[in-house]
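Let's take a walk through this one, going helix by helix and strand by strand. Keep the structure open next to you and follow along.

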Amino acid sequence: MAFTEQYDVVVVGAGHAGCEAAMAAARMGLKTAIITMNMDLIAQMSCNPAVGGVAKGHLVREVDALGGVMGEVADAVGIQFRLLNTSRGPAVWSPRAQCDKQLYRVKMREVLESQAGLHIRQAEVVDLVLDEGQGSEGEGQGSRVEGRDEGPASRVQGPGRRVVGLKLRDGRRLLAGATIITTGTFLNGLIHCGEERYPAGRSGEPASVLLGEALRALGLRTCRLKTGTPPRLDGRTIRWEAFEEQPGDADPTPFSFRTKKIVQPQVSCHIAFTTPETLRLIRENVHRSAMYSGQIEGIGPRYCPSIEDKIVKFPDKTQHQFFLEPEGLNTHEVYVNGMSTSLPMEVQWQIVRSIPGLDQAEMLRPGYAIEYDSVDATELDRTLRVKSMEGLYLAGQINGTSGYEEAACQGIMAGINAALWLKGEAPFTMDRTEGYTGILIDDLISKGTNEPYRMFTSRAEFRLHLRIDNADRRLTPHGRRLGLIGDEAWAEYERKRARMSALERLLTSTKVDAERLGRAGFGELPATGGLTWAQLLKRPEVTIGPVLGALREELAREPALAVWTVPTADDCGLPPLAQEQVRAKDGAREIVGISGGGNCGIERSVLRNEARAVETEIKFAGYLEQQKKSIEKLKAAESVSIPEWIEYGAISGLSREMRETLERVRPITIGQASRLQGVTPAALSLVHVSIRLQGARRAAVL
């Protein structure tokens, strides 16, 4: 008899989706196992060792606000932090951190191992254990499961199928109430480097072939996608003086609302450009690229193209930018961001050396492309459960996304909902008005994707409402209710809310006077009589730092706000944010970083970010109010449910294409149906009317 272990939840894969899924389920009190083929490569950063970026930083903040771990781990091992898009409005500000690649996986494993109820197992999953019974949780897991044919999962067909565990290559079986698959690029992965190709999940690791076959056998719609990675160089062989230095922010912006201090030494990246010789080499050898030789079937990411893709698709461009980014503090390995390629290794070597400063560079690892299986995400419901299969959830690149951050947000949502389902509680979902996570999931389950899906701020209808600074106010109460936010973190969240509320009250109730106006550096502003400081803040030239400097006495009298008046070692007694006023006199539009001793550093950053969040709410109050009205309209459409029993084939007036789309996706609301490709407003009206008509007929029969 096979050795069997029993868990509530099992997670297949210990990448960024798997780690979040497993942590969420375990923190919610379920006995959880996470299965990886190599315990030493948990949370491996297969591509760029960086977290965040435009829109991606929003996702990390949302994961953190719910109680996830990616943000805290990135803060602990980040070696360069930058807040992107600060020349634009606060809706699109996004944090990014270059991380120490080795430390990231070490820290993540430490986090997983310290979580009660979470068990890490090294093994290869080769099949799913299925139960044909249709009962509630646990029913049918006895004789029928034990007597099941050990062949492919496809031997169980028809409705009522349920995944009740996994079969491992070593003969073990792990039985569980819910299974979450987060296999990344490992499902039937195939690496391409020029004319060479070989099966692999990523370089140096085997592909998951048997599990890929088992998933295909379930009848799920799949497609082949492709991604790639650039060469890595030996930093000791690079002439760094030939490149423009790109330092991080002097005052780092962390990902996690719970981070108090950035502890790692900070380093610089460097900016480089291709040369005419680089372009010539690529053009002459592009036919040898697996992307252009016809060797690759999968579709690559449109917004992260290979270097040969850039040359072919943008022939008028004579120069392309890339970045030299360190992979860690204790390694000389350098990631060449922007040079992803599947050209042969010898061509990659020539390309690297065609760039001044890299003419003597040694290539430690070549770039390569990898294609892999993904599942059509329209097979999933909003909880990321496979609609045709009880107990089975999918998260991460298997659903057609690209990026660590997109994977992490799916992972935490799958973990939460698997746990809630086993507990018999209502699912937790986000709609498009509540977070970028909700937008990502809605896009995937409504439209699917035929290329690796990447998040952008442009995908959000209400991006001013979905900023990085208010992610905790949007989502942390949900995390607390779900059991993912501990007592200490919740108490700090409530203190923050109290500080922000007190500051807003102070600004809206205190009148501007000439003395304080001059102290803030705004003495020349016209028409300030009778205004409150909040009204003055609505003007684009007025920022929060100087205002707080002028209100020091008022801040000191308010217990919740006195923290803003604590002097530091280098600011001559000015409150932390007032120092921005002093340094802004150099003529810069906005001062992002503040440095200094004493109470400077991340604690100052926390206060600065809180003050700026209040400023944003005041300055953009009119726009936010308009968005709230639009959100109410969208929610009204989302509130009209489409019952599971509706028969689209019986609705006259729908085109065949629309029927097929509606049958394939089976939207659960009129709002979701409105976002399906090819579904017109007229079709929505027909569906709306048919819900009532078909419902009346069903009621008459019953």
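Start with helix α7, which covers residues 276–285: T278, L279, L281, I282 and N285 are its buried residues. Look down the axis of α7 and these buried residues fall within an arc of 160°, so they line one face of the helix. The spacing has a simple background: an α-helix has 3.6 residues a turn, so residues three or four places apart point the same way. And what do the buried residues of α7 pack against? Their partners are two helices, α8 (307–313) and α9 (345–353). Bear in mind throughout that this is a predicted model.

Next, move along to a pair of helices, α10 (residues 404–423) and α11 (residues 436–447). Their axes come within 10 Å and cross at roughly 90°. With angles of 65 to 115 degrees counted as roughly perpendicular, α10 and α11 are therefore roughly perpendicular to each other. On the α10 side, the contact is made by E406, C409, Q410 and M413, while α11 brings in T437, L440, I441 and L444. Sorted by class, the contact of α10 with α11 has 5 nonpolar, 2 polar and 1 charged residues.

Stay around there for a moment and find E451, in the loop between α11 and α12 (471–482). Is E451 buried or exposed? Its relative accessibility is 13%, and since buried means under 20%, E451 counts as buried. Leaving out residues up to four places away in sequence, E451 touches L225, I299, G300, R302, Y303 and G400.

Now for some strands. An open sheet of 6 strands runs in the order β14-β15-β16-β17-β13-β18, with antiparallel pairing. Which strands stand at the edges? They are β14 (244–246) and β18 (363–365); each has a single partner strand, so one side of each is left without a neighbour in the sheet. From one strand to the next, the twist averages 35°. Zoom in on β15 (residues 269–273) and β16 (residues 321–326): these run antiparallel and are joined by 4 bridges. In one of the pairings to look for, I271 has F323 in β16 as its bridge partner.

In strand β8 (residues 162–168), 6 of the 7 residues are buried, so β8 is largely enclosed by the rest of the structure. Strand β7 (residues 125–131) runs antiparallel to β8, with 6 bridges joining the two. Here L130 has V163 in β8 as its bridge partner. Strand β9 (residues 173–181) also runs antiparallel to β8, and this pair is joined by 3 bridges. K167 finds its bridge partner in β9, namely R173. The hairpin of β8 and β9 has 4 residues between the strands, and there G171 takes a positive phi near 100°.

Then there's F81, in strand β4 (residues 78–84). At 0% relative accessibility, F81 counts as buried. What does F81 touch, not counting residues up to four places away in sequence? The list includes A74, D75, R96 and A97, and it also includes G248, D249, P252, T253, F255, I262 and Q266. For a sense of distance, take P276: it is 195 residues from F81 along the chain, and their C-alpha atoms are separated by 32 Å.

Helix α2 (residues 56–66) is the next stop. Here 11 of the 11 residues are buried, so α2 is largely enclosed by the rest of the structure. Among the buried residues of α2 you'll find K56, H58, R61, E62 and D64, along with L59, V60, V63 and L66. After α2 comes G67, whose phi is positive, near 115°.

Finish with I646, placed in the loop between α20 (621–638) and α21 (656–665). At 3% relative accessibility, I646 counts as buried. I646 touches I651, R666, V687, I691 and Q694, again not counting residues up to four places away in sequence. Between I646 and R692 there are 46 residues in sequence, but C-alpha to C-alpha they are 9.9 Å apart in space.

Key:
Residues numbered from 1 in each chain as written. Predicted model: local features only at pLDDT ≥ 70, side-chain atom pairs only at ≥ 80, totals over all residues. Heavy atoms only, no water. Buried < 20%, exposed > 50% of the residue type's maximum accessible area, 1.4 Å probe, protein only. Arc of directions from axis to C-beta. Contact = heavy atoms within 4.5 Å. Axes fitted to C-alpha atoms, helices over the stretch in contact; angles between N-to-C directions. Parallel < 35°, antiparallel > 145°, perpendicular 65-115°, else oblique. Nonpolar A, V, L, I, M, F, W, Y, C, P; charged D, E, K, R; others polar. Pairing = 2+ DSSP bridges.
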